[in-house]
Amino acid sequence: EQKTRGEYNFILDQRRLLFVAYEHFVDKHQSELIKRVSKVEPILDELLHQNVIQQESYDKIKTLPTAEEKMRELISGPLKSSGVQGKDIFYEILIENQPQLIQDLKTMDAEVSKS
């Protein structure tokens, strides 16, 4: 009985480790993206064009006063509900629109994994 429980715990631990290992870039860097993305409108335009967000969300987010508020609403609302596919599209748009930011975040990841 103890042996089975131990294997079961190991399987749970394996799943937890896999989940952490495959955390999406957007989820992992959510707070940095909220703070550091400066030009949100071109990103919103492309997300709307690629049907990741709907017109209603687009209009609501565009009315928010700061880039930080726009990004917070975008990430916690439409992007969260769009799943991995939406986050993948968002990530590609970020690479095009904010290449230096993405490079900085990747560099941070590399430094963290070295230590």
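View 1. Asn51 has a relative accessibility of 61% and counts as exposed; residues are called exposed over 50% relative accessible area, buried under 20% and partly exposed in between, with a 1.4 Å probe and protein chains only. The model is predicted: local features need pLDDT of at least 70 and side-chain atom pairs count only at pLDDT 80 or more, while totals for chains, interfaces and linings use all residues. Residues are numbered from 1 along each chain as its sequence is written, and side-chain values use heavy atoms, with hydrogens and water left out. Asn51 sits in the loop between H4 and H5, where helices (H or I, at least four residues) and strands (E, at least two) are DSSP runs numbered from the N terminus. The phi of Asn51 is positive, near 60°, in a residue other than glycine. Most residues other than glycine have a negative phi. Asn51 follows H4.

**View 2. The protein chain as a whole.** The secondary structure comes to 7 helices and 0 strands, and the elements run α-α-α-α-α-α-α from the N terminus on. Of the 115 residues in the protein chain, 29% are buried. The accessible surface comes to about 8000 Å², and 51% of this surface belongs to carbon and sulfur atoms; the areas come from the Shrake-Rupley method with a 1.4 Å probe, and for residues only the protein chains shown count as cover. Contact means heavy atoms within 4.5 Å. Among contacts between residues at least 6 apart in sequence, 67% join residues at least 24 apart.

**View 3. The buried side of helix H4.** Ile43, Leu44 and Leu47 are the buried residues of H4. They lie on the same side of H4, because they cover an arc of only 100° around the axis; the arc is that of the directions from the helix axis to the C-beta atoms. H5 and H6 are among the parts that cover the buried residues of H4.

**View 4. The bend in helix H6.** H6 spans only 14 Å between its end C-alpha atoms, whereas a straight helix of 31 residues would span 45 Å at 1.5 Å a residue. The expected span is 1.5 Å times one less than the number of residues. H6 bends by about 125° at Gly83, the bend being the angle between axes fitted to the seven residues ending there and the seven starting there.

**View 5. Gly86 and its surroundings.** Gly86 is found in helix H6 and is buried, with a relative accessible area of 4%. Not counting residues up to four places away in sequence, Gly86 touches Val52 and Leu79. Gly86 and Asn51 are 35 residues apart in sequence, and their C-alpha atoms are 8.9 Å apart in space.

View 6. A salt bridge is a side-chain nitrogen of Lys or Arg within 4 Å of a carboxyl oxygen of Asp or Glu, and the structure holds 8 of them. In one, Glu41 pairs with Lys70, with the closest N and O atoms 2.3 Å apart. Glu41 lies in helix H4 (residues 41-49) and Lys70 in helix H6 (residues 67-97), so this pair ties together parts that are 29 residues apart in sequence. Glu41 is partly exposed, at 26%, whereas Lys70 is buried, at 8%. In another, Glu73 pairs with Lys60, the closest N and O atoms being 3.4 Å apart. Glu73 lies in H6 and Lys60 in helix H5 (residues 55-62), so the pair ties together parts 13 residues apart in sequence. Both are partly exposed: Glu73 at 25% relative accessibility and Lys60 at 49%.

View 7. The side chains of Arg36 and Glu32 meet in a salt bridge, with 3.4 Å from N to O. Both lie in helix H3 (residues 30-36), 4 residues apart, about one turn of the helix. Arg36 is partly exposed, with a relative accessible area of 33%.

**View 8. Gln98 between two helices.** Gln98 is placed in the loop between H6 and helix H7 (99-114). Gln98 is buried, with a relative accessible area of 10%. Leaving aside neighbours within four places in sequence, Gln98 is in contact with Arg36, Val37, Ser38, Lys39 and Ile43.
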